[in-house]
Amino acid sequence: MISLFSQVRSYERSVRLLMVNQFTINLGFYMLMPYLAAHLSGTLGLAGWLVGLILGVRNFSQQGMFLVGGTLADRFGYKPLIIAGCVLRTAGFAALGFVDSLPALLAASAATGLAGALFNPAVRAYLAADAGERRVEAFALFNVFYQAGILLGPLVGMVLTGIDFRVTCLTAAAVFAVLSVVQIRALPPRRADDARDGRDAARGSVLSQWRDVVANRPFLLFSAAMIGSYVLSFQVYLALPLEVRRLGGQGEAGAAAVALLFAVSGLSTILGQTKVTAWCKARMAPGQALAWGLFTMGVAFLPLLLATAVPEPEGGAGRWLLAAVPPALSALLLALGTMIAYPFEMDTIVRLSGDRLVATHYGLYNTICGVGITLGNLLTGAALDAARAAGMSALPWCALLALGLVCAAALYGLHRTGRLAAVPAPRAQPAAA
């Protein structure tokens, strides 16, 4: 831990602040969002389809607006978009605790999603610009702070929601309000045209810039190949908990097994991310690390696949172990695969952008992967239902394993053909007379 903080201190103030900001952003977000569905269905008594609609609006407004948020960050600077996102999420979280009409709930949910679309691309582009040649290591540290917020947020939220959900909302809103003030006072201004080879980043029409990004074929191929990593990693929140609950039940034993799942995933990243990144950077090219990361995420489902060959105990410690151990091993391998891939993934986006319109590239990348997650989760859910109906419990794990292997092969192919190499930044055109 001492080594971790010494690494953080080796970066300039803006990079350190962005890392702490991301921890705080995730702390505030995850102390509220896991308990929102229960508030909507329980306290407010909304029908299940309305709860799904409200949560879906948040996801759609975030995923659908990432490209716009990235474009605005490149055009007006990273700091204003980070501040705007924090202020908007402050208002959205405060409203969620006090409004009860459907239009107001939809507006508040949309605001929280739009907030993420505003600051996420800006934060990553800012971090990439100020970290310079140490981008890979900086994103490794960034992921440590990111995961720490995810791990701690639900614990804080559980305590606050036990008092009153409104207390949770107000606390989360206060976190973002304080964060907004900190950004205004302490975060140095940063524009896209401050970055190396990016002096034309904020020029030209928005549509022409979007055409430039969409015409970046290596970037689009890379984005498509990386969809699998997000579909696979999201199973920590979907398929793995469902499997734990199926075997472990809905009582305290099942809850303990689910808690173990999240603890393994978060703590392994916090403790191992920087070491894994240093080891990979010393031994692999970025494309190789990405392929190995996806390969590891694919084979993460082997413990669950092998567990289907074991007769399910009727109850007792044996059934709890079967419910807890294979999913925990899968969560650990998913975390390892993410640790291998994530810093090189973030760095590759910058390299493929040619250090130009970096936030816009991050925005489009997030949108592509977000759509992929939605479709992937629908197919995973269908596979889980089909497996139970047909008595083929191995089906979803085979499909997820195959997805990881296919995406790993695709990334390795992009690496071998040189498509993951840096794209030369275009020369600035002289102004017309």
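Trainee: Are phenylalanine 139 and tyrosine 342 buried or exposed?

Mentor: The model is predicted. A residue counts as buried under 20% relative accessible area. For phenylalanine 139 and tyrosine 342, the class in both cases is buried.

Trainee: How many aromatic pairs does the structure hold, and what is the geometry of phenylalanine 139 with tyrosine 342?

Mentor: The structure has 14 aromatic pairs. In the pair of phenylalanine 139 and tyrosine 342, the ring centres are 6.4 Å apart and the planes stand at 85°. Planes over 60 degrees apart count as edge-to-face, so this pair is edge-to-face.

Trainee: How many residues apart are phenylalanine 139 and tyrosine 342?

Mentor: Phenylalanine 139 belongs to helix H7 (residues 135–163), and tyrosine 342 to helix H15 (residues 316–353). The pair thus links distant parts of the chain, 203 residues apart.

Trainee: What type of aromatic pair do phenylalanine 301 and tryptophan 397 form, and which parts are tied together?

Mentor: Phenylalanine 301 is in the loop between helix H13 (286–299) and helix H14 (302–307), while tryptophan 397 is in helix H17 (residues 395–416), so the pair ties together parts 96 residues apart in sequence. Phenylalanine 301 and tryptophan 397 are buried. Their rings lie 6.2 Å centre to centre with 10° between the planes, and the pair is stacked.

Trainee: Which residue has its charged end over the ring of tyrosine 11?

Mentor: Tyrosine 11 sits in the loop between helix H1 (2–9) and helix H2 (13–30). Its relative accessible area is 5%, so tyrosine 11 is buried. Beyond four places in sequence, the contacts of tyrosine 11 include Arg134, Ala138 and Leu141. The charged end placed over the ring, 3.8 Å from its centre, is that of arginine 134.

Trainee: Which backbone atom does the side chain of tyrosine 11 reach at 3.2 Å?

Mentor: Ala138 is among the contacts of tyrosine 11. At 3.2 Å, the side chain of tyrosine 11 reaches the backbone nitrogen of alanine 138.

Trainee: Why does threonine 90 count as buried, and which backbone oxygen does its side chain reach?

Mentor: Threonine 90 is part of helix H5 (residues 78–96). Threonine 90 counts as buried because its relative accessibility is 17%, and the cut-off is under 20%. A polar atom of the threonine 90 side chain also lies 3.2 Å from the backbone nitrogen of alanine 177. The backbone oxygen, reached at 2.8 Å, is that of cysteine 86.

How values were computed:
Residues numbered from 1 in each chain as written. Predicted model: local features only at pLDDT ≥ 70, side-chain atom pairs only at ≥ 80, totals over all residues. Heavy atoms only, no water. Helix = DSSP H or I, 4+ residues; strand = E, 2+ residues; numbered from the N terminus. Buried < 20%, exposed > 50% of the residue type's maximum accessible area, 1.4 Å probe, protein only. Contact = heavy atoms within 4.5 Å. Polar contact = N/O pair within 3.5 Å; in protein donor to acceptor, adjacent residues only side chain to side chain. Phe/Tyr/Trp six-rings, centres within 6.5 Å; stacked < 30°, edge-to-face > 60°. Lys NZ or Arg CZ within 6 Å of the ring centre and 35° of its normal.
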